[in-house]
Amino acid sequence: MATNRLPILFLSHGPFPAMAGEDKPNYFHRFLKTELRSKHLASSPRGIIVVSAHFESSPIRITSASQHYVMHDIPNFRNYHSLQYNPPGDPEVAKRIQRLLKDRESLESKLVDDKPLDHGCWGPLLYSFPEAELPVVEVSLNSNYKIETHLALGRALAPLIEEGYLLLASGQTVHNRQDEGFIPLAAQSKQPSIDGWPQEFADWVHDTLTTEDVESRMEKILKSYDHKLFQKAHPTPEHFLPMVVAVGCATALNLGAAQRIHDSWAFGDLSMSCY
């Protein structure tokens, strides 16, 4: 979601082989490693605020550690368990986020100093910010899964974006690994390997995020769960909700329509589109 300030990013983080570049022709890995920062970040952020599909809680939790370590929460890809990503945290920014959530949106939250970074957070950062020098604060989803709650979460984070922090919302545009079209360790492609619903839902997401009229865009987001393909594209909504957080933040900052900055497919029917 590009603007003159640092953008609000929604990344489809995908399966780890797509991030690591093991499933040729490496579209997504190349995007993370060589394109994300050079083409879409005009300056270096003061820090990175991550909302990941793999961190959910009620109330919302915020990492407040001064130094991070990673959780190897990728059971099917044990060859990645030797990878490390240990950026600093920022306890003061974590406290600021907690105040913003409470003061701006009446959202309760809890600071946690012992939560490791999940792969939805450290995976994209490992390849796009490999130096691990920028402070990272991870903010959980609310496990109530309500669209309105996550729009409010995004709105609450907006002041930090104006101050030079990068919001990275890490989820998935289409996230169904149980469908009969799922292809384990398949090569990446520019189209899904099965016809019909994956592309149709990805097109709906694209049309929604790029809708110029703010009211129309918000109406579509608020009714997302009613879309005829939502349950097929997202059997559970945690990979969709980071996108909602990004929309909430963008709306609070009066930003225009989103811009798609990457589009590919992995494992047959997982959309890797990013905005």
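Val 214, Arg 217, Met 218 and Ile 221 of helix H7 come up against Val 244, Val 247 and Thr 251 of helix H9. Sorted by class, that H7–H9 contact has five nonpolar residues, one polar and one charged. Keep in mind that this is a predicted model.

**How H7 and H9 sit together**

- Two packed helices are described by the angle between their axes and by the distance between those axes.
- For H7 (residues 214-222) and H9 (residues 241-252), the angle is about 155° and the axes are 11 Å apart.
- Angles over 145 degrees count as roughly antiparallel, so H7 is roughly antiparallel to H9.
- As for handedness, H7 and H9 make a left-handed crossing.

**How H2 and H4 sit together**

- Helix H2 (residues 27-40) packs against helix H4 (residues 119-128) at about 60°, and their axes are 8 Å apart.
- That angle makes H2 oblique to H4.
- The H2–H4 crossing is right-handed.
- On the H2 side, the contact uses His 29, Leu 32, Lys 33, Leu 36 and Arg 37, while H4 brings Pro 124, Tyr 127 and Ser 128.
- Split by class, the residues of this H2–H4 contact come out as four nonpolar, two polar and two charged.

**A cavity inside**

- Searching the whole structure turns up two cavities of 30 Å³ or more.
- The second largest cavity has a volume of about 30 Å³.
- Around the second largest cavity you'll find Gln 199, Ala 202, Asp 203, Arg 260, Asp 263, Ser 271, Ser 273 and Tyr 275.
- Helix H6 (residues 197-209) supplies the largest share of that lining, with three residues.

**Two backbone spots to check out**

- The peptide bond running from Ser 58 to Pro 59 is cis, and its omega is near 5°.
- You can find Pro 59 in the loop that links strand E2 (48-57) and strand E3 (60-63).
- Ser 106 isn't a glycine, yet its phi is positive, at about 55°.
- To locate Ser 106, look in the loop between helix H3 (91-105) and strand E4 (109-112).

Note on methods
Residues are numbered from 1 along each chain as its sequence is written. This is a predicted model: local features need pLDDT of at least 70, side-chain atom pairs count only at pLDDT 80 or more; totals for chains, interfaces and linings use all residues. Side-chain values use heavy atoms; hydrogens and water are left out. On a 1 Å grid over the protein atoms alone, a cavity is a set of points where a 1.4 Å probe fits but cannot get out, and a pocket is an open set with protein on both sides within 12 Å along at least five of seven lines; lining residues have an atom within 4 Å of a point. Grid points are joined across faces, edges and corners, and a volume is the space filled by probe spheres set on the points. Helices (H or I, at least four residues) and strands (E, at least two) are DSSP runs, numbered from the N terminus. Axes are lines fitted to C-alpha atoms, for helices over the stretch in contact, and angles run from 0 to 180 degrees between N-to-C directions. Angles under 35 degrees count as roughly parallel, over 145 as roughly antiparallel, 65 to 115 as roughly perpendicular and the rest as oblique. A crossing is left-handed if the near helix is turned anticlockwise from the far one by less than a right angle, and right-handed if clockwise. Contact means heavy atoms within 4.5 Å. Ala, Val, Leu, Ile, Met, Phe, Trp, Tyr, Cys and Pro count as nonpolar, Asp, Glu, Lys and Arg as charged, and the others, Gly among them, as polar.
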